Amino acid sequence: MQGAIRGVRILTPASRAVRPAFGRASGIGRLFAHYQLLTAGKLLSSRLLSTSTRVRQQAAAAVSSDPGASSLVVGQELHGFVVEDVQTVSELKLKTIQLRHQKTGAEWLHVDRDDSNNVFSVGFNTSVSDSTGVPHILEHTTLCGSSKYPVRDPFFKMLNRSMSTFMNAWTAHDYTQYPFSTQNAKDYENLQSVYLDAVFRPSLREVDFRQEGWRLERSDPADSASSWQFKGVVYNEMKGAFSDAGSLFASRAGQQMFPGTTYQYESGGDPAFIPDLTHTQLVEFHRTHYHPSNARIYSYGNLPLAPQLQRVGKLISTYERIVPATVPMEVTPFGDKQVTEFGPVESVGSADKQTKFSVSYLTNDMRNVYETFSMAIFSGLLLNGTSAPMHKALIDSHIGSDYSSNTGYSPYTRQTVLSVGLQGIADKDIPLVEQRISETLARVRDEGFERRRIDAALATVELAYKHKTSDFGLSLMKSLSTGWFHGVNPVEYLKISENVARLRADVEGGKFFENIVDRYFTNSNHKLKYVMLADPKYNQGLDQREHEMIQSKLNSLTSADLLAIDEKNKYLAEEQMKKEDLSSLPSLALSDVDAKSSRFALDMGVAGECVPVQWRTTLTNGISYFRAINDVHDKYPELRPYLPLFCEALTYLGTKSRDMPEIETEIRLHTGGISFSPFVTTDLAHLGHIEAGISFGSHCLDQHIGPTYKLILELVRETNFDNTNRLRALLNSLSSNMFNDVANSGHAYARRLASSTLTPEMYALESMNGITQVKFISDLARMTDLSSVVEKLKQVQDVVFNKLTMRTAITTNMGSADGNQAALEEFLEGYPEKDDSAAEASANASDSKFAASSSRFFCPLPFATNYAGKAIRTVPYNHADSVKLQLLAKFLTPNYLHREIRERNGAYGGGAGYSPLQGVFSFFSYRDPSPLETIETFERSIRWVTEEHTISEREMTEAKLSVFGDLDSPLSASEEGMTYFTTGISDDMRQERRDQFFEVTANDLKDVASKYLLPQNSSQPTSVAVIGEENLDISGDWKQVRLQ
């Protein structure tokens, strides 16, 4: 993933940040995705289930009529495009065809591969010369209607007229892209038409610019004496982004690194400068940048290329070739520089350890693909994992809580950067951190890296490209886009084996990584030392500056100007409420949906005499996947908050006989990683009964099956919880990272907090992955004596790992089943076994202690934005009303909540979600300027659907298409059969539920909305939660949840 995604076309990142293979890091401006669509905390753009028969038949029919992408040859002309290069990449089982439009120069990369999850993207170079956020706001505004589709926000409306597996748009430092993927040939053509018309022929109305970008508006539009404020989707998004200390640090450090270049500006937009952008400037930026001569077009999969070339060629043939504008991208070296700035406080940290510090070095030109690959490996060896030299020097020393947010190798600018730093340090320790960084680099220059660690890093790369994923085409596009927009031949990024072999040879030649240190670090002529000091009044300062900006705007306006603005705002409000004619938009029909869901052949066996084994035998590209669950029901609720820490500790502390760096190297040599995580799920028929415990697993090449099981067993049995030095380092890191995650995913935390009073599962989830867990870990991190924590972790180890409460699942090739069975048998011989029958009687009693209730929570944090959540307890999975509630959520988001929360209120996103497995119906908002008003909007939406609105047949069809899109997306081989393994939902149950979706009526939606969601009709417990600004006007019976 390239940089930090801020949203995709609906909300926000839904999961905790994952460190890239080459380091952590990502500033605000790296990658702004367009309004990321979430439902129940999961991306609609990441729909997971199975590929339908109809989809496969459509794809096969389409391919059979293709004149043959694989038969194209260099020099061949087709629909205005000429083939410039054709290559086969055997290791990835694909063929690349590179074409150029003869008249305009538009570049096209087609990847021909036997994959039904087809991808299309069109993108443009959009480097900036200021921080007004023009490419980011343009990205939003292009998707607000076009010549062929003159409706407000056709992008969002297509989400429910399509069965796409991904729809998105994002702005990076230097480019903007509009990708989608789908398995349906008709859907592909529909979406391609909408996307192409959006980017080449957008309406770009001023009213849409004011909605998406920024506008002046009275706090009460009906009161001409009320105060003025800035509103706008992007403005509020970026205001929230800049209140996150980690993102702010990474962004500001990146800007300071590149004075005099495009990278000194914030491509996503800085709230201090966004109001300087005019509609006229936006339109001009589109004219000069969204042009075929400046375009990169990408397609992937098994659909025919020729019809696509014909459609696109016809659209762009009216353009004349231009020379795209360029901006400075290469910085003049400034030697050694230190910059100190101020940022917000992180409330979970110690008051005297709030400083962030990093050292950034200018490294290679990213257009050198092999050097970039080598630097990524170097960065991983230097920084990643407990065996990394910098980890030992900085993290194990307890100087700070964790690496700074920009730590890692960043290949997303013309001249790349490697940064190393710490957060959560005392001011006085800045010289010490700088000294440790210099000493560590000097040691690497003198000693290099251990050869086994190098081999492990390369093995990880090779395994990653064998691992079959359902979104391979999209991942491929992301991996090559930055270089492609900088003029690199994108096919060079696909030659993984060549780069790995070359690097191995260079390492054999001696001093390879040592020379990198000399080249970029020892003799650096461009090094930035960046310090961010915490200012408790930072957000107050932002509010004051915003007030001054508003006053400055008002002082330049006449009374007539203000009246004109009032009229424009009135017109915007009318436009947002206007009923539209959507007949121009293409759509799938329910007849395009397969009546039958896919089935996965599973075999059931036993190992170790008593452990159930689920077998899935399929094509896995020579990889075996293992997963296990240890279920303790709900017998040890007092230990539950320790489960996340316990899982992290298993792969961090080391064992009684070996330290973690040694074990970690073996894990990377033999596996794709070993993971442990808390596990909880609800009984399909009873919301009061849960299964809880630990889930763990790994995957490896078949020749490494034996070592993989042995490594897992070593961690299970021998982890050294008495290693309090490393335990403290882990707690410090977790505390810091969890707080940053709240800033990025506050909507998910608000929804979990609200849901925690409703069912045992949600209560458990919130205690392990919610605000309660953030507070719990931060409290542990401040303890001077960790002996009580050590004892709790040992108790968890004693009760969780038990052969008698275990079940396993293995997905593998036909020829590797016997090897897995033998290794599993040996694994289970050493696995703990305890007779836990005495505790069985307490399991149901523990479940029954939970009593659902209603509550209101407020969690004040030092943010300049807010998140709201509301949750209602409903019915379990197998209840007849469950499918109706799921469709109701799909109906409410596009037809009411999107308009009210995002368009009218200016929040970055919001909607409804229903979790059938948890039995909870919920609402959420993200980066919301008015969360209390949004909670009222949640309530109004129910009255609207039950009393005011007549649900049309078209709206019902769209809601069902959205559900089936979720159900029918492709699975990777490792995910096949996992729904049954983790939840007990069989293929027959999935088919029964599918049949029910087809039968739901509009009256059914109104009935369940009235029965479960209207307060006057329902006795169901309902809770709300707000996370955000400390100065919110919260009064009444709200429970305040403070992290410190």
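User: How many residues does helix 22 have, and what reach would be expected at 1.5 Å a residue?
Analyst: In this predicted model, helix 22 runs over residues 724–744 and has 21 residues. From its first C-alpha to its last it reaches 30 Å. That is close to the expected value, which is 30 Å.

User: How many residues of helix 22 are buried?
Analyst: A residue counts as buried when its relative accessible area is under 20%. Helix 22 is mostly covered by that rule. Of its 21 residues, the buried ones number 18.

User: Which feature does UniProt place at residues 532–780?
Analyst: The span is 49% helix and 18% strand, and its end C-alpha atoms lie 26 Å apart. The name comes from an unreviewed UniProt entry. That entry gives the feature as "domain: Peptidase M16C associated".

User: Is the aromatic pair of Phe155 and Tyr195 stacked, edge-to-face or tilted?
Analyst: The model has 50 aromatic pairs. In the one formed by Phe155 and Tyr195, the ring centres are 5.9 Å apart and the planes make an angle of 45°. Planes under 30 degrees apart would count as stacked and over 60 as edge-to-face, so the rest are tilted. The pair of Phe155 and Tyr195 is therefore tilted.

User: How many residues apart are Phe155 and Tyr195, and are they buried or exposed?
Analyst: Phe155 is in helix 3 (residues 154–158) and Tyr195 in helix 4 (residues 185–200), 40 residues apart, so the pair links distant parts of the chain. Phe155 has 2% relative accessibility, and Tyr195 has a relative accessible area of 1%. Because the limit is under 20%, Phe155 counts as buried, and Tyr195 is likewise buried.

User: Why is the pair of Phe180 and Tyr188 classed as it is?
Analyst: Both Phe180 and Tyr188 are buried. Their ring centres are 5.3 Å apart, and the planes meet at 65°. Planes over 60 degrees apart fall in one class, so this pair is edge-to-face.

User: What covers the buried residues of helix 34?
Analyst: Helix 34 (residues 1002–1013) has twelve residues and reaches 16 Å from its first C-alpha to its last. Its buried residues include Ala1002, Leu1005, Val1008 and Tyr1012. Among the elements that cover the buried residues are strand 28, strand 30, helix 29, helix 30, helix 31 and helix 33.

Terms used. Residues are numbered from 1 along each chain as its sequence is written. This is a predicted model: local features need pLDDT of at least 70, side-chain atom pairs count only at pLDDT 80 or more; totals for chains, interfaces and linings use all residues. Side-chain values use heavy atoms; hydrogens and water are left out. Rings of Phe, Tyr and Trp (its six-membered ring) pair if their centres lie within 6.5 Å; planes under 30 degrees apart count as stacked, over 60 as edge-to-face and the rest as tilted. Helices (H or I, at least four residues) and strands (E, at least two) are DSSP runs, numbered from the N terminus. Buried means under 20% relative accessible area, exposed over 50%, partly exposed in between (1.4 Å probe, protein chains only). UniProt positions are given in the numbering used here, feature names are shortened, and annotations may be inferred rather than shown by experiment. The expected span of a helix is 1.5 Å times one less than its number of residues. Contact means heavy atoms within 4.5 Å.
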